[in-house]
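Thank you all for making time this morning. I would like to walk you through one structure, so please have the sequence and the 3D view open as I talk.

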Amino acid sequence: MVSPTRVRLVWALALAAATATAAADCGAGCGGSLTGTPADEFVAERMGLVREWVVQLPFDSARAHLEHVTVGDGLVVAQTGDGGVHAVQATARRQPGEPAAGALLWSRRLAAGGGVWTPPGIGPRLVTATRDLELFALDRDTGVTRWTRPLGRLPGTGAVEIGNWVYEPLAGGGIRRLTHHPLPPPADPTAPTPVQPD
């Protein structure tokens, strides 16, 4: 049985997808009508869904669409066809100052549109995404790209972080294992550049 929280989270992202699709399909003539979609409160009520939050993902729905959605521990990660990866806070605040449920935490565009994307993976430190033969590891909290690696073969599904490793199942069998931190974190772009003496 699927938990009510999971149903609400999936519905919240379904609402975002339906909103983007409705706006793209209707054009200027219908003003982005949501009638008949899960975003319609009457339809949602008949389906037993309860709205917890609604989020609008920053992508051009006329040129791209929602590719994959992964629900993880306190996080929802969505991929869009324009190469974007978007993280949304899925749980209520535990401490003052933490983002509210449904808050867009970060959005990153990893590559130009096109290519074959697999569902993102959500780990304790990383969010992983694969496009064609390349694996991207993003910092879970900030979305900063920690590292990228070529896979050599097409991925079978999304990668997942377990312990100190990232496991990527490969199409046709086999698994590629990578350490979760093969490179030091990137330098802070806002930090001053040290001056070298002459």
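Let me begin at aspartate 132, which sits in the loop between β6 and β7. Please keep in mind throughout that we are looking at a predicted model. The phi angle of aspartate 132 is near 50°, which is a positive value in a residue that is not glycine. Is this residue buried, exposed or partly exposed? With a relative accessible area of 27%, aspartate 132 counts as partly exposed, since buried would require a value under 20% and exposed a value over 50%.

Moving along from β7, we come to strand β8, residues 145–150, which runs antiparallel to β7 and is joined to it by five bridges. Here phenylalanine 136 stands opposite threonine 148 of β8. The hairpin of β7 and β8 has five residues between its strands, and in that hairpin glycine 143 takes a positive phi near 80°.

Tryptophan 117 lies in the loop between β4 and β5, whereas phenylalanine 136 is in strand β7, so the pair ties together parts that are 19 residues apart in sequence. Both of these residues, tryptophan 117 and phenylalanine 136, are buried.

Let me turn now to the other sheet. It is likewise described as open, with four strands in the order β1-β2-β3-β4 and antiparallel pairing. The edges are taken by β1, residues 66–72, and β4, residues 104–109, and each has a single partner strand, so one side of each is left without a neighbour in the sheet. From one strand to the next, the twist averages 15°.

Next, β2 and β3 run antiparallel and are joined by six bridges, with glutamine 79 standing opposite valine 85 of β3. Their hairpin has three residues between the strands, and glycine 83 there takes a positive phi near 90°. Finally, five bridges join β3 to β4, again running antiparallel, and glycine 84 stands opposite arginine 109 of β4.

How many of the residues of β3 are buried? Six of the six are, so β3 is largely enclosed by the rest of the structure. Gly84, His86 and Val88 point one way from the strand, while Val85, Ala87 and Gln89 point the other way. In a regular strand, side chains alternate between the two faces of the sheet.

Strand β1 also holds a residue I would like you to find, namely threonine 70. At 17% relative accessibility, threonine 70 counts as buried, and its side chain reaches the backbone oxygen of proline 120 at 2.8 Å. Leaving out residues up to four places away in sequence, threonine 70 touches Leu75, Val76, Val77, Pro119, Pro120 and Ile122.

I will finish with the nonpolar cores. The largest has 13 residues, and those touching the most other members are Leu75, Val77, Val85, Trp106, Leu110, Val127 and Leu138. Strands β2, β3, β6 and β7 each supply at least two residues of this core. Apart from it lies another core, of 10 residues, including Trp53, Phe59, Leu66 and Ala90. As for leucine 138, its contacts beyond four places in sequence include Val85, Trp106, Leu110, Val127 and Val144.

Methods
Residues are numbered from 1 along each chain as its sequence is written. This is a predicted model: local features need pLDDT of at least 70, side-chain atom pairs count only at pLDDT 80 or more; totals for chains, interfaces and linings use all residues. Side-chain values use heavy atoms; hydrogens and water are left out. Two strands pair if DSSP finds at least two bridges between them. Axes are lines fitted to C-alpha atoms, for helices over the stretch in contact, and angles run from 0 to 180 degrees between N-to-C directions. Buried means under 20% relative accessible area, exposed over 50%, partly exposed in between (1.4 Å probe, protein chains only). A polar contact is a pair of N or O atoms within 3.5 Å; within protein, one must be able to donate a hydrogen and the other to accept it, and residues adjacent in sequence count only if both atoms are side-chain atoms. Contact means heavy atoms within 4.5 Å. A nonpolar core is a set of buried Ala, Val, Leu, Ile, Met, Phe, Trp, Tyr and Cys residues joined through side-chain atoms within 4.5 Å.
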